[in-house]
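User: Please examine the charged surface and the aromatic contacts of the following model.

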2 protein chains.
Amino acid sequence: MNDQTKTPARAIRSGGRAARRAARAAPLAENLRAIRPGMEGGTLKPLSEQDMERIHQSALDALEQIGLADAPQSGIDYLVGAGCVLGDDGRIRFPRELVEETIAKANRSVTLFSRDGKTDLNLSGSRVHYGTAGAAVHMVDVHGRSYRESTVQDLHDAARISDRLDNIHFLQRPMVCRDIPDNREMDLNSIYATTAGTTKHVGVSFTEPDFVDDALEMLHMIAGGEGKWRERPFVSNSNCFVVPPMKFATESCEVMEKCIAGGMPVLLLSAGMAGATAPSTIAGAIVQACAECLAGLVYVNAVKPGAPAIFGTWPFGLDLRTGAMSVGSGEQALLTAGCAQMHKFYGVPGGAAAGASDSKLPDMQAGWEQMCTAVMAGLSGLNMVYEAAGMHASLLGFCHESLILGDDLIGQALRCVRGIEVNDETLALDQIRATCIGGPGHYLGTDQTLSRMQSDYVYPGLGDRTSPKEWEELQKPDLLKKASARKEQILRERSQARFDPATDAALRARFNIHLPA
Amino acid sequence: MNDQTKTPARAIRSGGRAARRAARAAPLAENLRAIRPGMEGGTLKPLSEQDMERIHQSALDALEQIGLADAPQSGIDYLVGAGCVLGDDGRIRFPRELVEETIAKANRSVTLFSRDGKTDLNLSGSRVHYGTAGAAVHMVDVHGRSYRESTVQDLHDAARISDRLDNIHFLQRPMVCRDIPDNREMDLNSIYATTAGTTKHVGVSFTEPDFVDDALEMLHMIAGGEGKWRERPFVSNSNCFVVPPMKFATESCEVMEKCIAGGMPVLLLSAGMAGATAPSTIAGAIVQACAECLAGLVYVNAVKPGAPAIFGTWPFGLDLRTGAMSVGSGEQALLTAGCAQMHKFYGVPGGAAAGASDSKLPDMQAGWEQMCTAVMAGLSGLNMVYEAAGMHASLLGFCHESLILGDDLIGQALRCVRGIEVNDETLALDQIRATCIGGPGHYLGTDQTLSRMQSDYVYPGLGDRTSPKEWEELQKPDLLKKASARKEQILRERSQARFDPATDAALRARFNIHLPA
């Protein structure tokens, strides 16, 4: 036997670092990776079946007895047409049979398309996706420890960064372009800045119903025509259709009607604050959020049966001592996980907020707050985890470094969502036997260990696992500086999502695009 | 009506800050607090019933077919006496009937006593407690960003700090006194340094069986006699009775026998590393840990039926790329949560590791790693969450500031463990009605909101929830500096746990106590 040829085989069996490095270098097929978008959660169930039934019945009671005020005339017409009752007090009440019927016939799944077809999101069952969202007005400068107003360039950069992060599955607009004072221009430039930065699915808002036509025109141009847009709408409308408690947001409802007509999926977003605009109890806040979103579901299906809609129960926590919003608390984690269970109860695609922090900077507090809410959202099987990365100061600040670190954080959360596989191979009885009886007495470098190295384990991109000695030898790397370096690297590269020159020129000719060409 | 007397009532109803502050100032009865030790977890179930049955059967197979090597002669005698079979290969094999019988008759609960009777821990069902543990060899200097050897003073300070933190429910020795080279003196001084710093339950280890007699003598002196010690043993033995895979740790088994004889509860600690000393799959690592701890349970009950023992399945994760230990990963969170479910499956009090970080410093990575594992451990109903605060560098470093911040972190995790109460009051339908129909249109300052302010919500001690504007006005407080200030404050105060002068003098006369008097 030739020793030269034998060496590699022995190295693999004996499990040295070289063997592990070699195995790691081999590319892994997408379906063998440890984590991916749309993994099935559902192992966390803070609510019992009976709890959910009671929440549902209370939501039906609220809709039937209290109803919602302030629908636009068009909404009144749609809803009364569907069987709702307009009271003398101007409130629209929903007979429980109508609500139950709507739930029974509502979409069981929604596809949120990507622009390039590579990262479409299938919202159904307990499939989990993480992404950004929000309306932050500040950018966080981590090294200067300061806040400044957010700009369209910041938004575009967030899109470009998200485009490169495996565990950021969609980009809902996380911040407002404060440098564009005109609301119409701001809304249109938000679409341009996000879609020019990422081919992943994008979510945006519209300040006025009147802006939707322009937005659709822009999207048709980007898609290559209205037909192509309607085939694969790659932008959805994040729509605050209610002003909790139990009032429709009149203008947003009109926006919603226009988006439905334009073939754009709608996120029915009910963002109550427990203790302020929703009851202070977790159960009560969930009841109200469910009632409001059920009203929205009836509305959407009255406008267009089967129109794609996401059940957006987004109750937020409050610091009741001060009245300040709080998004990183245990109460927030429970609010969101409970809502995720209700989405399963109704069998409709849903989303809620998790992964944001109250801390002003990406510090230890930010880490624990973001993880607590993010991992529990995933474990509860939330389809769309919004605000999942980069959000600070109770949603007022967005941070690019934190977004990048969020990719690591969400990677670990997704590993937890994937859960524990139990089968003959993973139970490993044969392996234990072979190792203990006449074997090496350890599992390093067994075929099973090597084969699991990439398929079962998630490794941090920037997180540090060195020993104190190695860490010193590496000059004690700083997490935030590593994140900044990664940011600079991404932003130096040419964006793959940029539009072709002809489309870009046409967009710039038709709209006042603020981003430099 | 007198406006002067009316004002306070209106202020409460209208929910101003003053009213909330007043309500907050009122002390709350212990049983009305939002969180406390021993809350019931169990809403997270990564393993199905069938999964647990398969893990159990595989563990029984492993015990019956593979067995454990290296028992001391005394252990062989106990185990063979109980019905085990000593093979020609020196391995002790466990008939499955014997194991099932042991599980059936094992303790369903263990009480871990505090020295002052105020913080006893009742380990049963899904009751959750968080505390320290480990054998770190370094202290982390957060401001100097450096590691140094840990000392007996550091250990004592950790005890004093833990004594003051509500959410640190016990103090298992988290670090080694590197300044005491003699092992016997180190073990004895570890008892002194911990018990002199906190009246909470303490866990310690013994390097050699021979040291246990001295330790018991010390504990009798502290307790005020052997009878009082045996009535309320306030120190337990963290015992690494196995060297995974599937070997008894000969000397530690002898330590265990001595501790059982001395009335000291034993933590049966099996600390395999998935991919090195345990199978690389999560299910396989849990199988092996369960098999090893079941062997320990048979052993303990053979020595003394019903002796208090904690089922310590502590499998750790590994970074398979480098072979380095990893304790802050998603895999770790699943290993620990799965083990917690197996404790429930067996109906025995159990513990595992969660809340530690691979990061060298208390940074954002530390926050997300500690929370991911800590909250999932609690949600899965783990009785004893060991290593839950202060641990860095994959268990090599301990950090006082991180311990203090861990109190905040665990507070939020405990809020999640408490879960969502669903009843007529929390569903809040009447409140929604009263608010929406003829009411103020918000819930600020309602009686229900004020009454829930303290009973339902957990507020951070050091975590920051200010707005960016307030934060700037406060000179941008730094989380780690706040933790250091809190540390200095605690260590300036006189420890309430210190022994009375006569006892202290007697201890110092009998033993070489390294801490200054």
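User: Which helices of chain A each supply at least two residues of the negative patch?

Analyst: This is a predicted model, in which local features need pLDDT of at least 70, side-chain atom pairs count only at pLDDT 80 or more, and totals for chains, interfaces and linings use all residues. Residues are numbered from 1 along each chain as its sequence is written, chains are lettered from A and ligands numbered from 1 in the order written, and side-chain values use heavy atoms, without hydrogens and water. The patch (residues with over 30% relative accessible area and no salt bridge, like charges being joined within 9 Å) consists of Glu49(A), Glu53(A), Glu97(A), Glu100(A) and Glu101(A). The helices (DSSP runs of H or I, at least four residues) that each supply at least two of its residues are α3 (49-66) and α5 (96-105).

User: Is Glu49(A) buried or exposed?

Analyst: Glu49(A) is placed in helix α3 of chain A. Buried means under 20% relative accessible area, exposed over 50%, and partly exposed in between, with a 1.4 Å probe and protein chains only. At a relative accessible area of 60%, Glu49(A) is exposed.

User: What kind of aromatic pair do Tyr147(A) and Trp471(B) form?

Analyst: Rings of Phe, Tyr and Trp (its six-membered ring) pair if their centres lie within 6.5 Å; planes under 30 degrees apart are stacked, over 60 edge-to-face, and the rest tilted. Here the centres are 5.8 Å apart, with 65 degrees between the planes. The pair is therefore edge-to-face.

Methods: Patch = residues over 30% accessible without salt bridge, like charges linked within 9 Å, V, L, I, M, F, W, Y side chains within 5 Å. Areas by Shrake-Rupley, 256 points an atom, 1.4 Å probe, with all protein chains shown as cover. Salt bridge = Lys/Arg side-chain N within 4 Å of Asp/Glu carboxyl O. Lys, Arg positive; Asp, Glu negative; His and termini not counted. Charge placed at Lys NZ, Arg CZ, Asp CG, Glu CD.
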